[in-house]
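I set out to record what I looked up in this structure, entry by entry.

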Amino acid sequence: MAEPDPSDPLETQAGKVQEAQDTDLDAEEGASGGEAEMDFLRSLFSQTLGLGSQKERLLDELTLEGVVRYMQSERCQRVICLVGAGISTSAGIPDFRSPTTGLYANLEKYHLPYPEAIFEIGYFKKHPEPFFALAKELYPGQFKPTICHYFIRLLKEKGLLLRCYTQNIDTLERVAGLEPEDLVEAHGTFYTSHCTSQLCRHEYTLGWMKEKLFSEVTPKCEKCQSVVKPDIIFFGENLPSRFFSCLQSDFRKVDLLIIMGTSLQVQPFASLIGKAPLSTPRLLINKEKTGQTDPFLGMMMGLGGGMDFDSKKAYRDVAWLGDCDQGCLALADLLGWKKELEDLVRKEHAHIDAQSGSSTPNPTTAASPRTSPPPGKAEAKTTDGEKPQ
């Protein structure tokens, strides 16, 4: 199994699946697994080497403004969002590895063999207590969706969202108003839980799990007394079958990829950027440029077509560098959606406050966009030892 990814808040690092993931997928899909593997290889070679497909330039310029003009054209009908930890940090969700405030730094009392053990399925089955202590701190319902989450909802309301693929397990996409059919929760979710006994697998609700966590009782199955685990993907577990089934159809017809708040280092999620048609524009809203790989190296490692922002051959990739909320506000402003987005955030946050009896704002959610830096010229900034998302 690959090494865990550094400091992704609530990404759980679980996407670093075993190299045997393709074998697991074949087992799940039975006889169709061979066809799926051949389709993957054909797509990989054609998209990485430019075989059997034309690189048509659809953006009139490689800027945020160029993306906006494309989004307002008839050519852009289906948008896929690929999102990671960076879209949730402004909600107050802590990172994992900051030296004093990170979650891992506060787990010493559990005497873990190493911090990542808290997300390993084998360790969890023997020692579930550390994970449930952490889960209580991070439990969905304590945080509000961010501007990024509500921008994705606006895409849905405008009829543009084909799917949102998320690495996060915080359920904030659902809280923001996305339906299960709008989502592929690649690393699982807290939304449901199951008994860990393979002979039982009884399902439990979010409310049931919350009651157990906040009463500081290790959740046990009411039918067989085995430990019950939220449906998040631990190291050593397969990704949800929905991840593989949706990508087969979604990425054949996508018109635009919007990639936000992810380091694009966690596989197989990171390989999704290479599965879109060669002409499909790709917008990255992130603290730093990421997803850039040598084409041949990417092919050999199965990573698909890497991002190209700066070379003379660049024709479809745009990077907006900075805070994800600010990037979404800048994009919404250019689209003419800024007031609608801000009103939506205020309305939904007020509704959440009314339900919870609280009025605490998200810690770092900003109210206005800053000017988008020219792609390739902005410098990434990091704070508090957090790896840029």
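I took strands (E, at least two residues) and helices (H or I, at least four residues) as DSSP runs, numbered from the N terminus. I worked on a predicted model, where local features need pLDDT of at least 70, side-chain atom pairs count only at pLDDT 80 or more, and totals for chains, interfaces and linings use all residues. Residues are numbered from 1 along each chain as its sequence is written, and side-chain values use heavy atoms, with hydrogens and water left out.

**Entry 1: annotated cysteines**

I consulted UniProt, whose unreviewed entry lists Cys195, Cys200, Cys221 and Cys224 under "binding site"; its positions are given in the numbering used here, feature names are shortened, and annotations may be inferred rather than shown by experiment. I noted that these residues are spread over 30 residues of sequence but cluster in space, with a largest C-alpha distance of 8.9 Å.

I located Cys195 in strand E4. Is Cys195 buried or exposed? Cys195 counts as buried because its relative accessibility is 0%; buried means under 20% relative accessible area, exposed over 50%, and partly exposed in between (1.4 Å probe, protein chains only). I listed its contacts (heavy atoms within 4.5 Å). Not counting residues up to four places away in sequence, Cys195 touches residues including Cys200, Cys221 and Cys224.

I found Cys224 in the loop between H8 and E6. Cys224 has 32% relative accessibility and therefore counts as partly exposed. Leaving aside neighbours within four places in sequence, Cys224 contacts Cys195, Ser197 and Cys200.

**Entry 2: the sheet with E4**

I traced an open sheet of 3 strands in the order E5-E4-E6, with antiparallel pairing; two strands pair if DSSP finds at least two bridges between them. The edge strands, E5 (203–205) and E6 (228–232), each pair on one side only. Strand E4 (residues 188–195) is joined to E6 by 4 bridges, and His194 stands opposite Lys229 in E6.

I then saw that helix H5 (residues 129–137) packs on the sheet and touches E4 and E6, its direction making about 60° with that of E6. Helix H8 (residues 206–214) also packs there, touching E4, E5 and E6, at about 75° to the direction of E5. For these angles, axes are lines fitted to C-alpha atoms, for helices over the stretch in contact, and angles run from 0 to 180 degrees between N-to-C directions.

**Entry 3: strands around E2**

I recorded strand E2 (residues 161–166) as mostly covered, with 6 of its 6 residues buried. Strand E1 (residues 79–83) runs parallel to E2 and is joined to it by 5 bridges; Val83 has Thr166 as its bridge partner in E2. E2 also pairs in the parallel sense with strand E3 (residues 183–185) over 3 bridges, where Tyr165 stands opposite Val184 in E3.
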